[in-house]
Amino acid sequence: MAWVYLTAAGLLEVLWAVSLKYTEGWSRLVPSAVTAAAIIIDMILLSLAVRIIPVGTAYAVWTGIGAVGTAVVGIILFGESSEVNRIVSIGLIVAGIIGLKVLSAN
């Protein structure tokens with residue numbers, strides 16, 4: 001169950017990072033509320049995951065999911081660069097996440 005919590009926390013990391021863009025400096029109520037709620041739930045789920053998964057592994061996977069997801073959403077929603085070097089770099093992060101999961105004893 002810890003990996004489910006960690007995966008959900010990583011996805012919430014993407015949600016709050018993307019919704020943060022829409023807050024316009026925390027001046028828009030709905031995006032700001034979504035961002036704040038996502039951050040709070042994100043931290044709760046991460047804290048549940050690190051009860052079982054070593055903190056270094058959990059943090060690396062959590063930030064990796066957040067970074068990859070946010071980069072992909074940025075490409076899709078905001079027309080950010082999808083040049084080959086960027087995609088390869090994102091792929092390396094994914095490989096690291098998979099490696100941490102495969103090598104984890106939990």
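Which residues touch the most other members of the largest nonpolar core? Before we look, note that this is a predicted model, where local features need pLDDT of at least 70, side-chain atom pairs count only at pLDDT 80 or more, and totals for chains, interfaces and linings use all residues. Residues are numbered from 1 along each chain as its sequence is written, and side-chain values use heavy atoms, leaving out hydrogens and water.

Now to the core, a set of buried Ala, Val, Leu, Ile, Met, Phe, Trp, Tyr and Cys residues joined through side-chain atoms within 4.5 Å; buried means under 20% relative accessible area (1.4 Å probe, protein chains only). Of its 15 residues, W3, L6, A9, L46, I53, V61 and W62 touch the most other members. Two or more residues come from each of α1, α2 (29-49) and α3, with the largest share, 5 residues, from α1. These helices are DSSP runs (H or I, at least four residues), numbered from the N terminus.

Next, follow α3 (residues 55-78) to its partners. Helix α1 (residues 2-22) packs against α3 at an angle of about 40°, with the axes 8 Å apart; axes are lines fitted to C-alpha atoms over the stretch in contact, and angles run from 0 to 180 degrees between N-to-C directions. Angles under 35 degrees count as roughly parallel, over 145 as roughly antiparallel, 65 to 115 as roughly perpendicular and the rest as oblique, so α1 and α3 are oblique to each other.

Helix α4 (residues 84-103) also meets α3: their axes come within 9 Å and cross at roughly 150°. The two are therefore roughly antiparallel.

How values were computed: Buried means under 20% relative accessible area, exposed over 50%, partly exposed in between (1.4 Å probe, protein chains only).
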